[in-house]
Amino acid sequence: MTETSFDDLNDAQDADGVVDIADVMQKMAEHKGCGTSSDGGKASCGSSAGPADMPAEIWEKVKNHPCYSEEAHHHYARMHVAVAPACNIQCNYCNRKYDCANESRPGVVSERLTPEQASKKVLAVASTIPQMTVLGIAGPGDPLANPAKTFETFRLISEVAPDIKLCLSTNGLALPDWVDEIAKYKVDHVTITINMVDPEIGQHIYPWVFWENKRLQGYEAAKILTERQLLGLEMLTERGILAKINSVMIPGINDKHLVEVNKAVKSRGAFLHNIMPLISAPEHGTVFGLNGQRGPTAQELKALQDECEGDMNMMRHCRQCRADAVGLLGEDRSEEFTTDKIMAMEVEYDAEGRKAYQQAVEAERQAKVAAKASELDGLEAAGDIKMLVAVATKGHGVINEHFGHAKEFQIYELSSGGAKFVGHRRVDLYCQGGYGEDEGLETIIRAINDCHAVFVAKIGGCPKADLTKAGIEPVDAYAHEYIEQSALVWFKDYLAKVASGELVHEARGDAAIRQGALLQKAG
Amino acid sequence: MPFKIVASQCTNCTACEALCPNQAISEAGNTFVIDPALCTECIGHFDDPQCVAICPVDDTCVIDRSLPRYAP
């Protein structure tokens, strides 16, 4: 075990330095990453937990990590470097000839970087975006099918920018072989994509895996894959490396089974479970796209996430971003940092400047938490009323985006328990080309059709009227104010109107998870 | 007959390069190529030709029928 500060894990280590895996698993499971809240509910750092909800050493690891902390994702940015093009398995939702739509592995369309280019790129981005705190390697293939390039990149970056957290995302097939190397480079966050724990189901997701110099197919392939994934997860847990599990929800294939997956990964110490919708369309050229396999609706996805949340932390803010994405989740500034541009940049790594900037972000974050807490009183009037609202934001936890400029809407659930982030919906730019304005607006309405209101910094007269007609109240009274605080103030006002008989509360319908928006850059 | 790579299908993923037991595969412009003088069809090394087994696009690493068979 290297560089772990987990007291609990040290407790599980006997005098010979041998770790009792069962003990570690138990302790990690008890943590659930975040401890439990006082009302007997489960942990929730995938959604919005703060330092009070989890052990200090885990908070230290996740507090600046946009992918591991929903709270952090409003403030901190990540970047991926595409140094790992080779893959050792085939998934039915991925077509490497064009792109992997689900995990946004850019395959042939984006630049492949050498470790040296990647290191330069990280410095350039870190100098331009001081809130960039995390560097991930996520492909476009599998990082551990390209171990030399992956670990050389980590080595170079840890030399020049030691404050940047390193993470990687893998299918898990090669993971057990590389866990010690992962620990050596102080990679303290690993994501494993686990779509099944039953090879009978796995054979419908994975046509083949490359194992011991052979291409295995069907049941045999899926059996090896699941064994290796779970072994790798256990080995990470033994070493105190935080593991997030990604699962792609494929209706009719693994949707119900993901509850079993959730139990299997929780019992092995996974910190966070991220269930993502299948992105599937014929133009992706994937097996699922071509055979008409559909993705889940927003309601189906949320129901499954809610069901699993009874057991462990669920991540709801995943943007299924590309293997070369740069910026806050939900934004992609990779175009500013192409190889030509970064090689021409003179960069100086300003560690002190970055630290100062991040301290300012921390202060801003705390102000936001305080503002939210100030509106928690008086919510008991909600009774059983629960509703969703959509928010246009550019980050920082503030309602600061114009309706027509929003590339996505963040979704909050309002109830007697407060305001809870439950997801996001990507939409095509309503103001920009490609679609007629009416068609763009219809797309947005379909994407947020399950919401009672949409909070924006500004909105034009026409869309305002159309939204109202669709039963979604446009709210621009809280421009540039904190999201959760504003939503709760509005919610209490809504409840007062329901109480006085001015309004009748009605449930909303389902919403569509947009399949096209992720393709914006893939062509 | 050695293997060849169909350039229009190759995604440049590099996976085959590292697996080739003969170092017969290298990058050439926008594709990877197999040196027919070095390719042994993996005979004597592995049961399956490695480039075929790992390639993410079907029918991309194929036998080059314009050349004589590899003779061990």
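Author: Let's start with chain B: a compact globule of 72 residues would have a radius of gyration near 11 Å, and chain B has 11 Å, so the two agree. That radius is taken over C-alpha atoms, and the globule rule is 2.2 Å times the number of residues to the power 0.38. Before going on, a word on the ground rules: this is a predicted model, where local features need pLDDT of at least 70, side-chain atom pairs count only at pLDDT 80 or more, and totals for chains, interfaces and linings use all residues. Residues are numbered from 1 along each chain as its sequence is written, while chains are lettered from A and ligands numbered from 1 in the order in which they are written.

Along its principal axes, the C-alpha trace of chain B spans about 30 × 25 × 20 Å. Chain B has 2 helices and 4 strands, and along the sequence they come as β-α-β-β-α-β. Helices (H or I, at least four residues) and strands (E, at least two) are DSSP runs, numbered from the N terminus. Of the 72 residues in chain B, 33% are buried. Buried here is 20 or more other C-beta atoms within 10 Å of a residue's own, exposed is 12 or fewer, and partly exposed is in between, with C-beta atoms placed from the backbone. Take the contacts in chain B between residues at least 6 apart in sequence: 68% of them join residues at least 24 apart. A contact is two C-beta atoms, placed from the backbone, within 7 Å.

Now for what chain B touches. On its side, 13 residues are in contact with 15 residues of chain A. Helix 2 of chain B (residues 50-54) gives the most to that side, with 3 residues. By class, the side of chain B that touches chain A has 7 nonpolar, 4 polar and 2 charged residues. Ala, Val, Leu, Ile, Met, Phe, Trp, Tyr, Cys and Pro count as nonpolar, Asp, Glu, Lys and Arg as charged, and the others, Gly among them, as polar.

Over in chain A, strand 4 (residues 165-170) has 5 of its 6 residues buried, so it is largely enclosed by the rest of the structure. Strand 4 of chain A runs parallel to strand 3 of chain A (residues 132-137), joined by 4 bridges, and Val134(A) has Lys165(A) as its bridge partner. Two strands pair if DSSP finds at least two bridges between them. Strand 4 of chain A is also joined by 4 bridges to strand 5 of chain A (residues 189-193), again parallel; there Ser169(A) stands opposite Thr191(A). With helix 6 of chain A (residues 147-160) between them, strands 3 and 4 of chain A make a right-handed β-α-β unit. Strand 4, helix 7 (residues 175-184) and strand 5 of chain A make a right-handed unit too. Right-handed means that, with the strands pointing away from the viewer, the path from the first strand over the helix to the second runs clockwise.

Chain A also holds an open sheet of 5 strands with mixed pairing, in the order 13-12-11-14-15. Strand 13 (418-426) and strand 15 (473-475) of chain A stand at the edges with a single partner strand each, so one side of each lacks a neighbour in the sheet.
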